[in-house]
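Here is a short tour of one protein chain, written to be read with the model open beside you.

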Amino acid sequence: MRVLTMLLIISITSCSFFEEEKLDGAVARVKNKQLMLSDIVSIVPEGSAKEDSILIINSYIQSWIKENLILQKAELNLKGNETDFEKQLEDYRKSLIIFTYEKELISQRLDTIVTKEEIEAFYDINKQNFELTDDIVKVRYLKVLKNAPQVNKIRKLYKSTKPEDIEKLKELSHQYAEKFHFNDGQWILFEELKKEIPLNITATDVFLKNVKNVEAEDSLSYYFAYITMYKLKNGVAPLSFEAANIKSIIINKRKTKLMSKIRTDLYEEAFLNKEIEIYDNVKNEK
């Protein structure tokens with residue numbers, strides 16, 4: 001096997017290797033099936049070292065042998081109907097062609113612009129369907145190393161609601177914080193906040209109803225969070241939390257409607273052009 005591999009490497013790396021007439025020799029066999037030299041030409045990257053090429057070819061040949069051994073064993077032991085995949089393959093081929101064509105049509109014709117008014121109208125009509133499955137909060141938080149400058153200043157500022165204090169806190173955060181989040185107009189999952197801050201909470205609802213200023217620490221860092229708003233799970237999700245989801249729903253509804261229209265139009269056009277016909281083979285028996 002090693003001698004054969006070395007001969008293969010010499011053939012592959014030679015200038016005459018790519019001549020078509022030299023690509024017809026067998027390099028391995030599993031019962032009545034052969035792996036041809038032409039099948040392994042492309043597996044060795046151009047410019048590969050001889051040692052690397054040997055490893056690549058050996059690995060490929062071994063994989064080919066094992067795959068064909070199990071394939072032939074499967075074909076021998078499975079029932080005929082269990083190995084007949086022609087219909088499944090043809091169905092998959094047709095589905096893939098249709099999917100690709102419809103995807104192209106959608107990219108050309110689908111209106112993906114969804115206005116704020118459309119999102120609000122959809123939310124108002126379907127509000128009962130947007131139930132929170134998790135607790136969510138609006139929060140600003142930051143993580144600061146214990147030996148960082150201005151830690152005491154940050155401790156005073158993080159819970160302030162004064163615009164000038166918040167701006168100063170942002171400035172200090174950019175200088176000294178390892179991590180921070182100041183988009184406190186955005187709803188986030190409370191579980192995501194707990195991943196950022198080491199909190200030991202047994203009753204989330206009690207915690208959120210009673211705590212706005214959060215301070216925690218580990219061996220290296222201090223964590224500060226100011227919770228501006230919260231909503232508990234099982235309540236109605238706020239519009240801003242569901243906006244992106246609603247936009248996707250609206251676009252998917254448009255997509256479904258568009259594809260239904262395309263199929264109907266295609267059918268009607270083909271019917272008018274007499275390109276389709278439905279045969280009535282039902283005979284009334286007396």
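Tyr-141, Leu-142, Lys-143, Lys-179, Phe-180, Glu-196, Ile-197 and Tyr-223 line the largest cavity. The model is a predicted one: local features need pLDDT of at least 70, side-chain atom pairs count only at pLDDT 80 or more, and totals for chains, interfaces and linings use all residues. Residues are numbered from 1 along each chain as its sequence is written, and side-chain values use heavy atoms, with hydrogens and water left out.

**The cavity**

- Rolling a probe the size of a water molecule over the atoms shows where empty space is left.
- On a 1 Å grid over the protein atoms alone, a cavity is a set of points where a 1.4 Å probe fits but cannot get out, and lining residues have an atom within 4 Å of a point.
- Searching the whole structure turns up one cavity of 30 Å³ or more, and the largest cavity holds about 30 Å³ of space; a volume here is the space filled by probe spheres set on the points, which are joined across faces, edges and corners.
- Two strands, β3 (136–145) and β4 (177–181), each give at least two residues to this lining, with the largest share, three residues, coming from β3.

**The chain as a whole**

- The chain contains nine helices and seven strands, taken as DSSP runs numbered from the N terminus (helices H or I, at least four residues; strands E, at least two).
- Of the 286 residues in the chain, 29% are buried (buried means under 20% relative accessible area, exposed over 50%, partly exposed in between, with a 1.4 Å probe and protein chains only).
- Among contacts (heavy atoms within 4.5 Å) with a separation of 6 or more, 69% join residues 24 or more positions apart.

**Helix α3**

- Helix α3 (residues 86–109) has 24 residues and should span 34 Å at 1.5 Å a residue, which agrees with the 34 Å between its end C-alpha atoms; the expected span is 1.5 Å times one less than the number of residues.
- Glu-102, Leu-105 and Ile-106 are buried in α3, and the buried residues of this helix pack against α9 (239–272).

**Aromatic rings**

- The whole structure has seven aromatic pairs (rings of Phe, Tyr and Trp, the last by its six-membered ring, with centres within 6.5 Å; planes under 30 degrees apart are stacked, over 60 edge-to-face and the rest tilted).
- Phe-190 and Phe-207 form a tilted pair, because their ring centres are 6.0 Å apart and their planes lie at 40°.
- Phe-190 sits in helix α7 (residues 190–196) and Phe-207 in helix α8 (residues 204–210), so this pair ties together parts 17 residues apart in sequence.
- Both partners are buried: Phe-190 has 1% relative accessibility and Phe-207 has 16%.
- Elsewhere, ring pairs join Phe-122, Tyr-123 and Phe-130 into a cluster.

**Two residues to look up**

- Lys-247 belongs to helix α9 and is partly exposed, at 37% relative accessible area.
- Beyond its neighbours within four places in sequence, Lys-247 contacts Thr-112, Val-114 and Ile-119.
- Lys-247 and Thr-115 are 132 residues apart along the chain, yet their C-alpha atoms are separated by 8.8 Å.
- Gln-175, in helix α6 (residues 163–176), is partly exposed at 46% relative accessibility.

Conventions. 1 Å grid on protein atoms, 1.4 Å probe; cavity = no way out; pocket = protein on both sides within 12 Å on 5 of 7 lines; lining within 4 Å.
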